[in-house]
Amino acid sequence: MRLPVDVMVPGVRGLFLTSALLLGAATTAEAQSATGVRIDPAWLRADAVSKTAEFKLVGGLTELNGGMNFNGFSRGALVLTVPQGWNVVLHFKNQDPNLPHSVEIIPDGAAVPGGPVPPAFEHATSGRVDQGFSAGQGTDVRFVAGKAGAFLIFCAVPGHGAAGMWIRLAVSPSADKPSLATAPER
Ligand SMILES: [Cu+2]
C-alpha cells in the first residue's frame, strides 16, 4: 500500500534527524586525543559563500608528545577535511612554553621529513620554518587547496615532524563543507 506523500516525508525527515543525532553523539564520544583533548567546534569556521575554511591551529596546546602536538593531537590523530578549491586560513599560534614550532602543508609520503621541505601548495607555510615561533607568537597561513589528496599539517622545526608533530589535511573532491575528525595515530 502506498502512503500519501505528506505522510511519508515527515517520517523520512524524522529518520534522518535521528541518524544525524546518533552520529553526532558517536563523534563526540570518540573525538578525544590520548591526553583527553576533545575537538572544539570553535576551532573551525566555514564560509560557504567565499569558500573559506578558517582553522585555529595551536602548537603545543597540551604537554602531549613533549609539547610537539597541534591542538593536543599528534601523529595524524586529527584530520581537517576541506573541499577541493576552497581557501584555507590557518590561524597558527604557538602556546608551547618550551619549544618553538612552525607549520607547513606537505604531501603525505612514506616517511615524515626531518625538517623543512617545499610546501604542497603555494604559500602553505608559516615562514620561519627552521627556527619556528616561540610561545605566544604565530601567524596566519593562507593558501588555496587546489589539488585533492592527503597532506600533513607538519611542524618543520628540525626533528619535530619526525617525532610526531603532524596532523592531517584531506582535500576532498566530494566534500561540500570543511570538517574536523579524529583518526588513529600512525
Ligand atoms: Cu614543532
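Lysine 51 is partly exposed, because 17 other C-beta atoms lie within 10 Å, a residue being classed as buried if 20 or more other C-beta atoms lie within 10 Å of its own, as exposed if 12 or fewer do, and as partly exposed in between, with C-beta atoms placed from the backbone. The model described here is predicted, and local features were considered at a pLDDT of at least 70 and side-chain atom pairs at pLDDT 80 or more, whereas totals for chains, interfaces and linings use all residues. Residues are numbered from 1 along each chain as its sequence is written. Lysine 51 is placed in the loop between strand 1 and strand 2, and its phi is positive, at about 50 degrees, although the residue is not a glycine. A positive phi, near 60 degrees, is also found at asparagine 71, again a residue other than glycine. Asparagine 71 belongs to the loop between strand 2 and strand 3 and counts as buried, because it has 26 C-beta neighbours inside 10 Å.

The mean pLDDT of the protein, that is, the predictor's confidence in each residue on a scale from 0 to 100, is 87, and 81% of the residues reach 70 or more. Over residues 1-30, however, the pLDDT is below 50, and beyond near neighbours in sequence this stretch has 2 contacts in the model, a contact being defined by C-beta atoms, placed from the backbone, that lie within 7 Å. Where pLDDT is low, the predicted coordinates should not be read in detail.

The protein contains 1 helix and 9 strands, assigned as DSSP runs (H or I over at least four residues for helices, E over at least two for strands) and numbered from the N terminus. In order from the N terminus, the elements run α-β-β-β-β-β-β-β-β-β. Of the 186 residues in the protein, 36% are buried. Among contacts with a separation of 6 or more, 72% are between residues 24 or more positions apart.

An open sheet of 4 strands has the order 1-2-4-6 and mixed pairing, where two strands are taken to pair if DSSP finds at least two bridges between them. Strand 1 (44-47) and strand 6 (138-144) stand at the edges with a single partner strand each, so that one side of each is left without a neighbour in the sheet. From one strand to the next, the twist averages 15 degrees, with axes fitted as lines to C-alpha atoms and angles running from 0 to 180 degrees between N-to-C directions. Strand 4 (residues 87-94) and strand 6 run antiparallel and are joined by 7 bridges; phenylalanine 92 has threonine 139 of strand 6 as its bridge partner. Glutamate 54, in strand 2, counts as partly exposed because it has 18 C-beta neighbours inside 10 Å. Leaving aside neighbours within four places in sequence, glutamate 54 is in contact with Arg45, Val89 and His91. The C-alpha atoms of glutamate 54 and aspartate 140 are 9.8 Å apart, although the two residues are separated by 86 residues in sequence.

A further open sheet, of 5 strands, has the order 5-7-8-3-9, and its pairing is mixed. Strand 5 and strand 9 (179-182) are the edge strands, each pairing on one side only, and the twist averages 30 degrees from one strand to the next. Strand 3 and strand 9 run antiparallel and are joined by 4 bridges, with valine 79 standing opposite alanine 181 in strand 9.

Isoleucine 153 touches, among residues beyond four places away in sequence, Leu57, Phe70, Leu80, Val103, Ile105, Trp166, Ile167, Arg168 and Leu169. Tryptophan 166, in strand 8, counts as buried because it has 31 C-beta neighbours inside 10 Å. Not counting residues up to four places away in sequence, tryptophan 166 touches Gly76, Val112, Leu152, Ile153, Phe154, Cys155 and Gly161; from cysteine 155 it is 11 residues apart in sequence and 6.3 Å apart in space, C-alpha to C-alpha.
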